[in-house]
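Biologist: Before we discuss any single feature, could you put the model up and show me how you would read it, starting with the strands?

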Amino acid sequence: LKLQNVSLGGDKPITLSLGAGEILGFPSLLGSGVVEILDGTSGRNPFRSGKLEFNGFNHTKTNISQKIKAGICLVPGDATLEGLIPKLTIQENILLSNRDKFTKFGVFRGSNLRSFCQELISLLDIRPNNPSTVVEYLSGGNRQKVVIAKWIAAGAKLMVMDDPTKGVDVGAKIEIY
């Protein structure tokens, strides 16, 4: 990821680069501009100026859907409000961004989807470990893990995380980290 002279408004432009496998965190206070960096990178709100390059391609003007297709995904701080549909199951939420992978001629291939979801549930230790569990009955930490599972399933190469452990218990925080 390369951000070159991206502008967040009246602040000084920012330039940074991040290599494969690297993690960059911004300790911040409200109003410090970090949310704008995350929003601009994920496509939620475009930067006012500058350039965003990811995997060698210019994504400065791409919208959120195009960024997701390129592998740039947002894990919001509030999974319930921004990352999931609470009335749907774990499996259905994972499917939201992955319909094309699990359909053939518009028909869902249920057994493939269920086993794939089960693998993600095991990998991320989502509890309960049943893909048919309705998300609204999960703890905050398990909801956040479902958002992460959804983006892993979508082939995320860059997860932009906006306070991913907000409202999450200590055990789940460690797992998310």
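Modeller: Two strands pair if DSSP finds at least two bridges between them, and here E1 and E2 pair in the antiparallel sense over 3 bridges. Strands (E, at least two residues) and helices (H or I, at least four) are DSSP runs, numbered from the N terminus. This is a predicted model, in which local features need pLDDT of at least 70 and side-chain atom pairs count only at pLDDT 80 or more, while totals for chains, interfaces and linings use all residues. Residues are numbered from 1 along each chain as its sequence is written, and side-chain values use heavy atoms, with hydrogens and water left out.

Biologist: Which residue in E2 is the bridge partner of Leu 3?

Modeller: The bridge partner is Leu 16. The open sheet has 4 strands in the order E2-E1-E3-E4, with antiparallel pairing, and its edge strands, E2 (14-17) and E4 (57-58), each pair on one side only.

Biologist: How many residues does the largest nonpolar core have?

Modeller: A nonpolar core is a set of buried Ala, Val, Leu, Ile, Met, Phe, Trp, Tyr and Cys residues joined through side-chain atoms within 4.5 Å. The largest has 26 residues, and those with the most contacts inside it are Ile 90, Ile 94, Ile 126 and Val 146.

How values were computed:
Buried < 20%, exposed > 50% of the residue type's maximum accessible area, 1.4 Å probe, protein only.
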